[in-house]
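Have a look at the sequence and the model, then go through the points in order.

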Amino acid sequence: MSDNAKIKSAWNDLNSHARFTLAQLFGADPDRAAKLSQRLEFDLGEMGPVGMRLDWSKTHLDDALLGIFETLADASGFGAARAALFDGGIVNPTEGRPATHGALRGSGSEADVEEAEALLARMGMLVDAIHQGALGEINHLIHIGIGGSALGPDLAVDALTRDLKLVDVHVVSNIDGLALEQAFAACDPQTTLIAVASKTFTTTETMTNAMSALKWLADNKVDDPSGRVVALTANPEKAVEWGVDETRILPFPESVGGRYSLWSSIGFPVAMAVGMEEFQAFLLGAQAMDIHFREAEGRANGPLLAAFGDLYYARIRGCQTRAVFAYDERLALLPDYLQQLEMESNGKSVTAQGAPVDGATASITWGGVGTDAQHAVFQLLHQGTHLIPVDFIASIAPGDELDPAHHKALLANCFAQGAALMSGGNMSADGKDPARGFAGDRPSATILVDDLDAATLGALIAFHEHRVFANAVLMGINPFDQFGVELGKKMAKEVESGEGDFDPSTKALMEAAGLG
Ligand code: F6P
């Protein structure tokens with residue numbers, strides 16, 4: 001049988017496989033919780049251990065489904081694709097490029113890793129020099145970027161600076177001037193550094209904000225405003241043209257995609273906020289997850305198993321969304337980060353070869369933070385008509401130093417939600433009131449980390465990157481391009497300049513706002 005025929009037959013088998021409820025699955029196998037849970041432990045030497053439990057037992061995956069998914073992975077060339085990812089092969093065929101973000105954390109071809117190490121050393125020197133006063137007193141950093149040049153730094157700075165903050169970081173992305181004004185209001189221009197983060201160094205929002213930040217420094221009588229700018233980019237020539245001195249340009253390779261660039265110099269504000277040593281721990285945690293992803297096979301591979309679950313719900317059960325709830329304030333920005341990672345990577349309609357895809361691709365990622373979300377959106381999860389697979393993420397060690405009762409209640413809520421979604425029941429006295437009934441059988445997965453330190457955060461983000469990659473391979477799509485954002489960008493320029501032929505609705509809106 002050809003691989004294509006095997007792929008087709010695997011999808012047919014997945015579709016026709018008998019559907020059991022979660023209660024039936026647990027009832028049929030007393031070891032189910034253990035079998036579908038995995039403990040990952042990485043020894044990072046001086047950086048300490050990273051540990052996490054991945055529990056996929058409250059999903060509808062069973063032994064037979066997993067076997068079919070493993071067959072699908074083989075027929076889809078998962079092993080070869082994974083090897084190509086780490087060996088610098090062309091895994092982004094529409095742009096004829098490799099995807100070398102792994103090399104930034106030591107997982108890649110020798111040449112790519114060597115290049116990454118040199119770039120990281122350069123960043124380390126600049127970070128240390130600034131910490132030691134090379135640019136005068138620096139207390140604030142306004143990091144200007146958008147999409148992948150902002151979401152990762154924002155998440156990591158927010159997650160890792162609860163105990164330690166060497167510099168006060170503000171991430172600004174929106175072209176709405178209010179965003180930048182808010183950062184200005186919180187910073188003293190005399191002690192503020194501006195980081196302009198843009199892979200291309202041409203993105204309208206970022207370049208507009210960067211110009212306004214430079215003007216703000218000048219208006220506030222800062223000597224040599226350009227001397228306070230650091231550029232983080234894969235296009236250093238553009239940064240020089242823009243006026244940044246070469247000594248303050250931190251380049252990264254073109255083969256690193258925007259939404260995969262947190263490990264590169266785009267992570268500069270993270271290193272500025274927590275120091276290079278912590279940033280190294282962050283990279284090492286990601287590297288440990290890379291090694292797991294490279295070496296573990298089939299269902300024993302955490303990110304691959306998660307992708308099996310994603311595809312089962314998106315393609316077999318027709319779920320259009322997937323929700324992520326972090327029961328940890330430090331991960332409040334994780335859903336935003338994952339939205340770009342998952343939706344910009346896998347929100348496609350054609351295969352890597354340009355043929356129409358055979359089934360749904362990335363589901364819509366959304367989520368929030370627990371317990372807040374319980375009092376806002378969980379009603380729909382429990383009683384709504386949509387089936388929504390949920391991921392819960394929590395840490396055994398608390399992030400706070402208050403009465404342990406806080407953390408105990410946080411974890412109790414997290415675990416109880418997964419259990420309630422699965423079990424269902426009826427909350428009325430006679431157990432019959434439909435308004436108080438819960439159908440149950442609603443799936444969830446739980447990632448329970450030992451402690452949310454820098455290394456664990458790195459491992460957690462790398463887990464999701466690999467999960468996205470595994471999904472893409474199984475669907476036959478290219479997760480590393482993003483042409484879907486281009487049409488809107490082009491038309492925004494046309495609307496702004498008034499050049500172009502617009503539909504009557506758009507014309508009327510332009511007229512109403514005095515545009516064009
Ligand atoms: O418009 C989408 C996008 O290209 C993202 O992929 C990217 O992360 C973001 O814009 C920012 O791009 P840049 O880093 O080149 O400014």
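1. Start with Ser-57, which you'll find in the loop between strand E2 (49-55) and helix H4 (63-75). Helices (H or I, at least four residues) and strands (E, at least two) are DSSP runs, numbered from the N terminus. Ser-57 has a relative accessible area of 1%, so it is buried; the cut-offs are under 20% for buried, over 50% for exposed, and partly exposed in between (1.4 Å probe, protein chains only). Leaving aside neighbours within four places in sequence, Ser-57 is in contact with Leu-22, Phe-26, Arg-32, Ala-33 and Leu-36, where contact means heavy atoms within 4.5 Å.

2. Still on Ser-57: its side chain and that of Asp-55 are joined by a polar contact of 2.6 Å. A polar contact is a pair of N or O atoms within 3.5 Å; within protein, one must be able to donate a hydrogen and the other to accept it, and residues adjacent in sequence count only if both atoms are side-chain atoms. If you look along the chain, Ser-57 and Ile-68 are eleven residues apart, with 17 Å between their C-alpha atoms.

3. A word on what you're looking at: this is a predicted model, in which local features need pLDDT of at least 70 and side-chain atom pairs count only at pLDDT 80 or more, while totals for chains, interfaces and linings use all residues. Residues are numbered from 1 along each chain as its sequence is written, and side-chain values use heavy atoms, with hydrogens and water left out.

4. Next, Arg-39, which lies in strand E1 (residues 37-43). Is Arg-39 buried, exposed or partly exposed? Its relative accessibility is 41%, so Arg-39 counts as partly exposed. Arg-39 and Ile-447 are 408 residues apart in sequence, yet their C-alpha atoms are 9.9 Å apart in space.

5. Now the ligand. Which residues come nearest to it? Of the 14 residues around the ligand, they are Ser-149, Ser-198, Thr-200, Thr-203 and Glu-344 (a residue is near if one of its heavy atoms lies within 4 Å of the molecule). An oxygen atom of the ligand is 2.5 Å from an N or O atom in the side chain of Thr-203. For Ser-149, the side-chain distance to a ligand oxygen is 2.7 Å, and a polar side-chain atom of Glu-344 also lies 2.7 Å from an oxygen atom of the ligand. On its own the ligand has 400 Å² of accessible area, and the protein covers 88% of that.

6. Two loop residues have a backbone angle to check. Phe-201 isn't a glycine, but its phi is positive, at about 60°. Phe-201 sits in the loop between strand E5 (192-197) and helix H9 (204-219), and its relative accessible area is 3%, so it is buried. Lys-221, also not a glycine, has a positive phi near 60°. Lys-221 is in the loop between H9 and strand E6 (229-233), and at 68% relative accessibility it counts as exposed.

7. There's a cis peptide bond to check as well: it joins Gly-370 and Thr-371, with omega at about 10°. Thr-371 is in the loop between strand E9 (364-369) and helix H15 (378-383).

8. Helix H7 (residues 151-160) is mostly covered, with seven of its ten residues buried. Among them are Leu-155, Val-157 and Leu-160. The buried residues of H7 pack against strand E3 (140-144), strand E4 (168-172), helix H11 (268-274), H14 and helix H17 (454-475).

9. Last, Asn-346 is in helix H14 (residues 334-346). Asn-346 counts as buried because its relative accessibility is 3%. Not counting residues up to four places away in sequence, Asn-346 touches several residues, including Thr-361, Val-468 and Ile-477. Thr-351, in the loop between H14 and E9, is in contact with Ile-477 too, along with Pro-356, Val-357 and Gly-476, again leaving aside neighbours within four places.

Note on methods
Areas by Shrake-Rupley, 256 points an atom, 1.4 Å probe, with all protein chains shown as cover.
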